[in-house]
Amino acid sequence: MLPGDADSPVLLHVPHSSRAIPGDVRAGIVLDDDALERELDHITDAHTARIAEVAAGLADARPWRFVNGLSRLVVDPERFPDEREEMLAVGMGAVYTRTTHRGELRAADTDPEPLVERYFRPYARAMSEAVAGRLAATGRAVVIDVHSYPAEPLPYELHGAGPRPAVCLGTDSFHTPPELTKAALAAFAGFGGTGLDSPFAGTYVPLEHYGRDRRVSALMVEIRRDTYMREPGGPAGPGLERLAAGLAELVDAVGSAV
């Protein structure tokens, strides 16, 4: 957790920016080192932690930031840890067994429970505590998920046939009020097109609050990677600063009004 201003309700959540994999977890991945690097290029939301960092510095009231220090190939903290998760259909539940190109990542009979217990549940508890902290301090919490996605669909995508705007906003019928969507559409209006829930839908709310507490609002911001970096896995370009400014505008708008 990277602290923000005491009176800010905004929590920027960056779950997929890291490439770090502990050695003992790496031992359970069947890819050789070169293939793993290629997979990390495709699956990592590169530079999103930097986008959130720059945005936090630009915002009038600094938001709080929760940044995952480990790759989503360790565990994906945004998946349901059980049969509710639709990505299980392609081997990408909380613990992935398949790659972005539907190849083998881990043995199909891998027991996910040790990784879920070691990494997923502590992460979920920490996020719940972060949200509770904003609720206690300000009476509300606004979780903004910061993600990126490739310009061209990858084979693992279940809904890759739809529009791929420069910025995709993922919403939830319970946790995304119209005012939050409106503020995001305005903040990212100048980036080449903004759409809703395509190719990725929904947003992240800790399960403790999910579907229960309307004081917790949430939005997913999915940024198409060709707007700010060279794909796959390449360096960031000048688009990063512009997108960070747009994110800061959103933080300012919702920090004071939603």
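Where is the place of R102? I found R102 in the loop between β2 (64-67) and α4 (113-138). Helices here are DSSP runs of H or I with at least four residues, strands are runs of E with at least two, and both are numbered from the N terminus.

Before going on, I noted the terms of reading. I am working from a predicted model, in which local features need pLDDT of at least 70, side-chain atom pairs count only at pLDDT 80 or more, and totals for chains, interfaces and linings use all residues. Residues are numbered from 1 along each chain as its sequence is written, and side-chain values use heavy atoms, with hydrogens and water left out.

Entry on positive phi. I looked up the backbone of R102 and read a phi near 65 degrees, a positive value in a residue other than glycine. R102 has a relative accessible area of 40% and is partly exposed (between buried, under 20%, and exposed, over 50%, with a 1.4 Å probe and protein chains only).

I then turned to H47, where phi is near 70 degrees, again positive in a residue other than glycine. H47 sits in the loop between α2 (33-43) and α3 (48-58). At 26% relative accessibility, I logged H47 as partly exposed.

Entry on cis peptide bonds. Which residues does the bond with omega of about 10 degrees join? I noted S198 and P199, joined by a cis peptide bond. P199 belongs to the loop between β5 (194-196) and β6 (216-224).

I also recorded a cis peptide bond between E231 and P232, with omega about -15 degrees. I placed P232 in the loop between β6 and α6 (239-257).
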